[in-house]
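Here are a few friendly notes to keep beside you as you look at this model for the first time. Please have the sequence and the 3D view open together.

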Amino acid sequence: RDDLPDIRRKDIERHKDASTGVWMTYRDGVYDVTDFVAEHPGNKKILLAAGGAVDGFWDFYAIHHTPHVYRQLEELRIGNLHPEDAAQTPASNGSSSKAFSHEPRRAPVLQVHSARPFNAEPPSELLVDDFITPTTLFFVRNHLPVPAMVDSVTVDGVGVHRPVNMSVSEMKTRFEVITVTTAMQCAGNRRQEMDDFRSVKGLQWGSAAIGNAEWTGVRLSDVLAYAGVREGDIEHVIFQGGDSDAEGTPYEASIPAAIALDPHRDVLLAFEMNGEPLTEDHGAPCRVIVPGFIGARQVKWLRRITASRAVSESHWQRADYKIVPDSFNWAHDDISEVMPIYEYPVQSAICEPADGSSLDADEDTVVVRGYSWSGGGRGILGVDVSVDGGVTWRAARLTQTPQGVGRQWAWTLFDVEAAIPSDRRGGRLDVMCRAVDTAHNSQPGDIAAIWNQRGLLHNACHRVTVHVPE
Ligand code: HEM
Ligand code: MTE
Ligand code: MO
């Protein structure tokens with residue numbers, strides 16, 4: 001960046017607020033983040049680094065160490081840190097090694113989007129080999145470092161007559177233990193495709209930030225009834241995780257009380273995944289499972305359940321996991337007024353063939369396989385597949401397990417074998433899929449209609465291109 005001026009540290013220190021503009025450094029770059037502050041996905045935390053270096057903060061908030069964030073940062077560059085000052089800036093404050101001391105071993109097969117905190121998804125071709133996703137292949141989405149294990153969950157808040165503080169073994173003896181098969185999908189699944197269309201802010205998830213598992217635990221509705229909580233007294237139930245940020249603020253999310261108290265919604269305090277105790281990455285020893293909701297509400301490392309009249313105060317409930325349209329102005333509009341996302345809409349994606357792959361020369365058909373799912377317990381009625389870019393469609397064969405009306409929590413896998421049109425030899429096939437759920441909702445045809453600033457709920461028709469040999 002030879003074209004940019006050298007700037008002294010003492011000049012940068014004078015730019016700490018809106019009146020002077022907000023400047024920060026990263027390594028030897030100087031950035032003017034004045035306009036970016038309001039729309040920063042991590043909220044006002046960014047101001048902790050106002051007039052100084054972000055390097056030490058990013059040791060802990062290491063989610064920033066991605067090419068995607070570096071690219072956004074470079075767009076804000078105004079200069080280079082003067083070489084004499086650069087020599088004196090400590091590169092790191094070492095806070096990361098302590099915070100990340102509980103990270104478990106992970107399967108090498110996962111494709112890592114952020115190493116600290118750990119965020120990774122399996123290769124999508126492997127995702128649909130099994131109806132039940134093996135735990136080692138299940139995507140991991142951690143906002144914060146994995147916490148030390150603590151085996152105790154408390155229940156408190158409005159209307160709680162009998163405060164509860166129990167371990168997993170006490171849960172098992174006091175309440176009925178049930179197993180529910182449900183898919184879980186991150187609201188950021190398929191964000192990368194939306195980013196390709198037009199830039200969005202967030203981790204660049206492919207289409208495998210989803211999995212389908214068997215979760216064993218006790219009903220939240222039983223636990224709340226035991227504590228004395230009654231419908232009518234409260235509006236929301238807040239879940240607090242054991243993981244917390246650099247200032248000690250824990251991960252938290254909430255769900256509407258009507259969902260939490262309804263036994264038919266199968267909301268669980270789960271301690272097993274696929275018949276084994278929860279692993280560290282998936283929330284050991286106990287997490288919340290809210291079938292049909294986005295992953296963000298399904299709090300891992302559960303420590304505390306609070307019956308409440310209001311939604312959780314957390315950043316992830318109030319300022320993130322919301323659909324922020326193009327027209328939203330971060331400086332003037334109030335993000336806390338925007339409806340939080342709970343249920344996921346209808347989704348499907350092709351896992352095989354992989355995008356950009358080549359078919360075998362001697363094949364005259366192509367096998368297309370993938371997953372489909374809808375939130376809110378809506379099942380999948382059908383999945384149509386096109387191999388000619390959406391001109392003609394055929395129904396795929398479905399693999400699903402019946403779970404009852406309004407409780408179709410598990411995903412539906414699909415497959416179809418289609419003839420390769422002879423005019424495609426030596427060219428490309430444009431493969432698409434489109435699911436319809438039991439409420440007859442279908443997926444939008446194009447990304448433009450649903451594009452949003454944080455790249456959430458990307459459920460437009462999935463499309464892959466494959467090469468056909470001569
Ligand atoms: C989240 C960019 C500075 C704290 C994010 C995300 C982006 C971003 C793109 C979204 C990540 C995701 O959801 O996947 C930037 C840029 C910065 C900056 C371009 C330029 C200076 C900072 C600083 C701090 C900070 C200095 C702290 C002192 C956070 C936090 C989150 C976040 C706490 C939320 C993480 C989460 O949801 O788990 N930032 N950031 N950021 N950022 Fe920054
Ligand atoms: N719970 C806590 N305590 N901390 C987190 O960072 N991430 C949430 C949710 N629960 C998270 C959490 C998000 S955004 C998702 S998508 C799911 O966990 C992912 O669950 P998994 O990592 O078991 O796949
Ligand atoms: Mo998520």
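1. In which loop does proline 353 lie? Proline 353 is found in the loop between β19 (347-352) and β20 (365-373); strands are DSSP runs of E with at least two residues, helices are runs of H or I with at least four, and both are numbered from the N terminus. The peptide bond that leads from glutamate 352 into proline 353 is cis, with omega near 0 degrees.

2. A word on conventions. This is a predicted model, in which local features need pLDDT of at least 70 and side-chain atom pairs count only at pLDDT 80 or more, while totals for chains, interfaces and linings use all residues. Residues are numbered from 1 along each chain as its sequence is written, chains are lettered from A and ligands numbered from 1 in the order in which they are written, and side-chain values use heavy atoms, with hydrogens and water left out.

3. Alanine 284 and proline 285 are joined by a cis peptide bond with omega about 0 degrees, and proline 285 sits in the loop between β16 (276-277) and β17 (287-289). Arginine 27, in the loop between β3 (21-26) and β4 (29-32), has a positive phi near 50 degrees. Most residues other than glycine have a negative phi, and most peptide bonds are trans.

4. Now turn to the iron atom of ligand 1. His40 and His64 coordinate this iron through their NE2 atoms at 2.0 Å; donors are N, O and S atoms within 2.8 Å of the metal (3.2 Å for Na, K and Ca), and water is not among the atoms, so sites may look incomplete. The pair links distant parts of the chain, 24 residues apart: histidine 40 is in the loop between α2 (36-39) and α3, and histidine 64 in the loop between α3 and α4.

5. What surrounds ligand 1? There are 23 residues around this ligand, and His40, His64, His143, Leu203 and Trp316 come nearest (a residue is near if one of its heavy atoms lies within 4 Å). α4 gives the most to this shell, with 3 residues. An oxygen atom of ligand 1 is 2.9 Å from a polar backbone atom of leucine 203, and another polar contact has a side-chain atom of arginine 454 at 3.4 Å from an oxygen atom of the ligand (a polar contact here is a pair of N or O atoms within 3.5 Å).

6. Finally, ligand 2 has 21 residues around it, the closest being Phe139, Asp243, His282, Arg287 and Lys300. The side chain of aspartate 243 places an N or O atom 2.7 Å from a nitrogen atom of ligand 2. From the backbone, histidine 143 has an N or O atom 2.8 Å from an oxygen atom of ligand 2.

Terms used:
Polar contact = N/O pair within 3.5 Å; in protein donor to acceptor, adjacent residues only side chain to side chain.
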